[in-house]
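The sequence and structure are shown first.

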Amino acid sequence: MSRRALAAALAASLVVLLAAVVPAPIAAAPGETNATNAPDSATPADPSASGGPRIVSALPDPATPDDRGEFVAVAAPAGTELSLSDGEDTVSFAAPGGTVAVAADPDAAAHLTDHPVVAPGLDLANGGETVTLRVVGDDGYEGSVSAPIEGGNGVVADRLTYDRSHEGALLERRDGAWSWWPRSLPRRDVATHGPANATLFVLPDSPERPVSTLRSADERILLAGYVVSSARVADELVAARERGVAVSVLVEDSPVGGFPRRSARVLDRLVDAGVSVRVVGDPHSFHHPKYAVVDDAALVMTENWKPAGTGGRKSRGWGVVARSPSVAADLAATFADDAALPETVPWETYRVGRSFVRTESANGSYPSRIAPESVRVDRVAVLRAPDNAESAVVSRLDAADARIDVLQPTVEAGGPFVRALKRAADRGVRVRLLLGSAWYVEEENRALAERLNEWADRAGKPLSVRLARPGGRYGAIHAKGVVADDTALVGSLNWNRHSARENREVVLALSDPAAAAYFRGAFAADWRASGRGAESKPGLVAAAALAVVVGVAALRRLEFEE
């Protein structure tokens, strides 16, 4: 399903909204791994776990005339006799050792990969394919992932299935999971930077902080977001451009529920003022980060550039301004990567012939209970999805030995992050998880809270889950925040595999006791206000039914928080 079709389905049905955070899997045959149904980690059936002959990657649709240069990359010990088959054609070759690209057009493929190229190769179908790797003439090969297939020559060593290609994207196996990655987009590792002065803040308490940061620009503003619809933010961007600052903006091309009319008006105004505005399409499922590079400072938040978020009109959010040339340069590189994607187009091109949806703007008013705080942060790491954020967050959860506090709108019940929380509780780490209670997530969050609390009570583990009770302090939980021992994580990463593996997300990991203490204090205030016992309420079925009725009526005008 395309992401535009997904967005339409989400807007039409509350049920689909709640179920669609992870794409529906396509069944794989025993021993197979699908690109759309990939495991979280290597398994015994995955040859990458044992170092045996394996398929490393494939480029079915290189975006060249007649798909010239398409290839399958295979790793195997030198001298291994191998064959590749797509069910119609079979090609055989001797592995020279290491990883090679098997291609029908070696000259064209040599320009598309750094691997040595061998011939002949297969013609890969853009509409879906199953490619089988066999060890030829060695029925005793112990690494087979399934029994020999009738009519095949040799023992199956690996098999790759995809349902459709992504133009210009590599299908890669990393840590046992298959994912599409644009060939031209660098896959960046976690980068850790030295000490930096930082200002920490929460929303809706400090809506002036993002605006004042933009106002301080002398040379450049690179603003990346999912939706940009705040008139106050637009005022600052236009004013910066008028005083000679170079201003560029990136936004998502297919927000859930449709592209907001309010945002279109803001972007029109920015372009009229000379601001560069570009709209990010594939390969990111959603361009979902919330950051800005302002001269040599990096502003990273959990909140969107709209009244509900940075405007302080609704959402509980976390944010940080890190004054560090190296962190700013790191994020500027990501901005440049996404701005240069083939499917990223100027706003002027995107808006031609488009229709936009009317949405309501949040207009709440909330007290400022938690003041910003300036600290000297020892280390700042930049995490990105889909590059590295999932493994980086899980590793930080797995390294905690005392306390973990998590604030999330909702989480994937069986996903890698929740499993990491349970592992932490198993080893005695005190874990607290505060979830959102907005009408469109309340039922599933309450059910998850009850399951996790029952597990913790039954097993005697120090894990507790609550649903947020805003109590006039904020309107709804939108923050995606973590404090694990002395590290605070602030950014746009939702705790589901779709966000971690398909979206563009940005998170700053602040390794410093003072930063951790600030955000843990903010978390503790919301935790206390929510109170134990918020996990269950009488009349749940009736309340859920009412929420569905209200939700269906509101879908036509609701601008979803993401």
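The points below are grouped by topic. The model is predicted. Among the topics are helix H5, which runs over residues 231-242, the hairpin formed by strands S4 and S5, and the second largest cavity, with about 60 Å³ of space.

**Helix H5 and its surroundings**

- Helix H5 comprises 12 residues (231-242). From the first C-alpha to the last it reaches 16 Å, close to the 16 Å expected at 1.5 Å a residue.
- At the N-terminal end, H5 is capped by serine 230. A side-chain oxygen of serine 230 lies 3.3 Å from the backbone nitrogen of arginine 232.
- Glycine 244 follows H5 and has a positive phi, near 95 degrees.
- Val233, Ala234, Glu236, Leu237, Val238 and Ala240 are the buried residues of H5. Their packing partners are helix H4 (208-215), strand S14 (220-224), strand S15 and helix H6.

**Serine 254, between S15 and H6**

- The loop that holds serine 254 runs between strand S15 (246-252) and helix H6 (261-272).
- Is serine 254 buried or exposed? Serine 254 counts as buried because its relative accessible area is 8%, under the 20% cut-off.
- The side chain of serine 254 makes a polar contact of 3.2 Å with the side chain of aspartate 253.

**The S4–S5 hairpin**

- Strands S4 (residues 81-85) and S5 pair in the antiparallel sense, over 5 bridges. Within this pairing, leucine 84 stands opposite valine 91 in S5.
- There are 4 residues between the two strands of the hairpin. Glycine 87, in the turn, has a positive phi of about 90 degrees.
- Side chains alternate along S5 (residues 90-94).

**Cis peptide bonds**

- Alanine 119 and proline 120 are joined by a cis peptide bond, with omega about 0 degrees. Proline 120 is in the loop between strand S7 (117-118) and strand S8 (129-135).
- A cis peptide bond also leads from alanine 385 to proline 386, where omega is near 5 degrees. Proline 386 belongs to the loop between strand S22 (379-385) and helix H9 (389-399).

**Positive phi at aspartate residues**

- Aspartate 66 is not a glycine, yet its phi is positive, near 60 degrees. It sits in the loop between strand S2 (54-59) and strand S3 (71-76).
- Aspartate 66 counts as exposed because its relative accessibility is 71%, over the 50% cut-off.
- Aspartate 485, likewise not a glycine, has a positive phi of about 55 degrees. Its place is the loop between strand S27 (481-484) and strand S28 (487-491).
- Aspartate 485 is buried because its relative accessible area is 17%, under the 20% cut-off.

**Cavities**

- The count of cavities of 30 Å³ or more comes to 2. The second largest cavity holds about 60 Å³ of space.
- Which residues line the second largest cavity? The lining consists of Val393, Gln408, Lys480, Gly481, Val482, Leu489, Val490, Gly491, Leu493, Trp495 and Val507.
- S27 and S28 each supply at least two residues of this lining. S28 gives the most, with 3 residues.

Note on methods
Residues are numbered from 1 along each chain as its sequence is written. This is a predicted model: local features need pLDDT of at least 70, side-chain atom pairs count only at pLDDT 80 or more; totals for chains, interfaces and linings use all residues. Side-chain values use heavy atoms; hydrogens and water are left out. Buried means under 20% relative accessible area, exposed over 50%, partly exposed in between (1.4 Å probe, protein chains only). A polar contact is a pair of N or O atoms within 3.5 Å; within protein, one must be able to donate a hydrogen and the other to accept it, and residues adjacent in sequence count only if both atoms are side-chain atoms. The expected span of a helix is 1.5 Å times one less than its number of residues. Contact means heavy atoms within 4.5 Å. Two strands pair if DSSP finds at least two bridges between them. On a 1 Å grid over the protein atoms alone, a cavity is a set of points where a 1.4 Å probe fits but cannot get out, and a pocket is an open set with protein on both sides within 12 Å along at least five of seven lines; lining residues have an atom within 4 Å of a point. Grid points are joined across faces, edges and corners, and a volume is the space filled by probe spheres set on the points.
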